[in-house]
Amino acid sequence: MVRRTRDGQTGKPDRSPTNRLGIDYRDVPRRKVACHIVDAHCHVHSVAEAEVFLPAAETYGITDVLTMTPMPEVSALREEYGNRLNFIAIPNWRAWEVTPTFRSQWVRDLERFRELGAVLCKFWMAPPMRGQHGLTLEHEFLQPVIDAALDLGFGFMTHISDPAAWFEPGGRYGDARKFGTWRDQFTQMDYFLDKVAPQPVIGAHMGGCVEDLALLQGLLDRHANYHLDCSATKWIVRGVASQPDVAREFVIRNQDRILFGSDLVTARQHDFDHYASRYWAHLQMWETPFRGESPIEDPDAESPPKLAGLDLPADVLEMLYHANAERLALVRPPFDGDGSVGPLRPT
Ligand SMILES: [Zn+2]
């Protein structure tokens with residue numbers, strides 16, 4: 001039930017960007033399934049921020065988190081939270097430059113993350129990589145890094161596009177000569193998925209392609225190693241609400257290829273409601289027949305932003321929430337008994 005809170009002084013509804021409907025996020029809606037949940041896409045940046053984030057995650061049944069954490073913070077987080085956090089290898093973005101020196105450090109970071117138990121490594125190839133550095137996954141600069149990751153037994157997570165609306169004239173990627181068109185972003189995936197097969201690839205944010213699920217289906221059909229996560233809550237909520245029947249059919253058809261994820265990024269200023277709002281929206285979207293407004297402000301959505309529940313079958317929810325991540329061995333103790341980590345092999 002939606003409970004509205006009121007501002008004590010004005011008596012008007014209290015409408016923060018994460019709670020424009022005044023929902024009590026601690027009052028978790030009735031769940032369709034009682035299973036544990038793996039959030040396969042988070043960015044947990046420090047122990048202090050995790051202390052606010054994890055209680056919100058736990059409230060919504062999240063037992064395991066895959067996080068892209070800067071290397072200097074990994075040890076402290078692992079010590080504090082043990083196997084609840086699983087790390088995805090990332091380069092030191094603050095030092096990013098297209099130089100052999102940076103690339104060598106990236107490979108060394110991959111090795112260190114592997115020692116720390118990471119089974120996935122992230123390649124963030126959003127449009128600015130093309131626009132500012134001329135890079136896609138096909139570029140020669142990246143091949144030694146991809147080869148090193150393969151030698152280390154990594155699977156991959158990729159971010160290759162952003163919302164289609166951002167490519168419209170006047171949008172942040174409106175200059176197609178610089179960024180390519182929205183559709184141009186996806187051609188690199190055929191190359192990459194072939195190159196790294198049979199290692200699994202998780203295409204973040206529904207492969208960056210929630211606006212065109214037919215295009216995405218083609219990639220899934222051509223490449224058995226391609227998987228998706230459903231993270232980036234506003235983007236996915238918007239995409240699903242614009243075509244709920246198509247989205248429901250897509251998720252059911254590809255139920256063994258999609259992993260649950262939020263793309264929550266921890267930050268000092270975020271409170272319980274910020275984190276919980278994303279999990280609340282996902283719960284409604286996947287588990288219920290909810291039709292109405294999204295509680296999260298979304299500058300890219302029509303006003304008010306819509307949320308459509310897909311009321312997925314319970315066995316499909318189990319696949320999304322944990323079974324797919326477990327089958328891909330993405331959540332497991334960071335260390336085997338002898339302290340070593342075996343290579344990730346698709347099953
Ligand atoms: Zn992310």
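Predicted model: local features only at pLDDT ≥ 70, side-chain atom pairs only at ≥ 80, totals over all residues.
**View A. How α3 passes α5.** Helices here are DSSP runs of H or I, at least four residues, numbered from the N terminus. Helix α3 covers residues 100-115 and helix α5 residues 143-151; they pack at about 15 degrees with axes 10 Å apart, the axes being lines fitted to C-alpha atoms over the stretch in contact, with angles from 0 to 180 degrees between N-to-C directions. Angles under 35 degrees count as roughly parallel, so that's what α3 and α5 are. On the α3 side, Arg103, Trp106, Val107 and Leu110 make the contact, meeting Pro144, Val145, Ala148 and Ala149 of α5 (contact: C-beta atoms, placed from the backbone, within 7 Å).

**View B. Helix α12, mostly tucked away.** The 16 residues of α12 reach 22 Å from first C-alpha to last, close to the 22 Å expected at 1.5 Å a residue (1.5 Å times one less than the number of residues). Of these 16, 14 are buried, so α12 is largely enclosed by the rest of the structure (buried: 20 or more other C-beta atoms within 10 Å of a residue's own, all placed from the backbone).

View C. Beyond its neighbours within four places in sequence, leucine 320 is in contact with Ile258, Leu259, Phe260 and Trp286.

**Notes.** Numbering starts from 1 along each chain as its sequence is written. Local features need pLDDT of at least 70 and side-chain atom pairs count only at pLDDT 80 or more, while totals for chains, interfaces and linings use all residues.

Key:
Contact = placed C-beta atoms within 7 Å. Helix = DSSP H or I, 4+ residues; strand = E, 2+ residues; numbered from the N terminus. Buried ≥ 20, exposed ≤ 12 C-beta atoms within 10 Å, placed from the backbone. Parallel < 35°, antiparallel > 145°, perpendicular 65-115°, else oblique.
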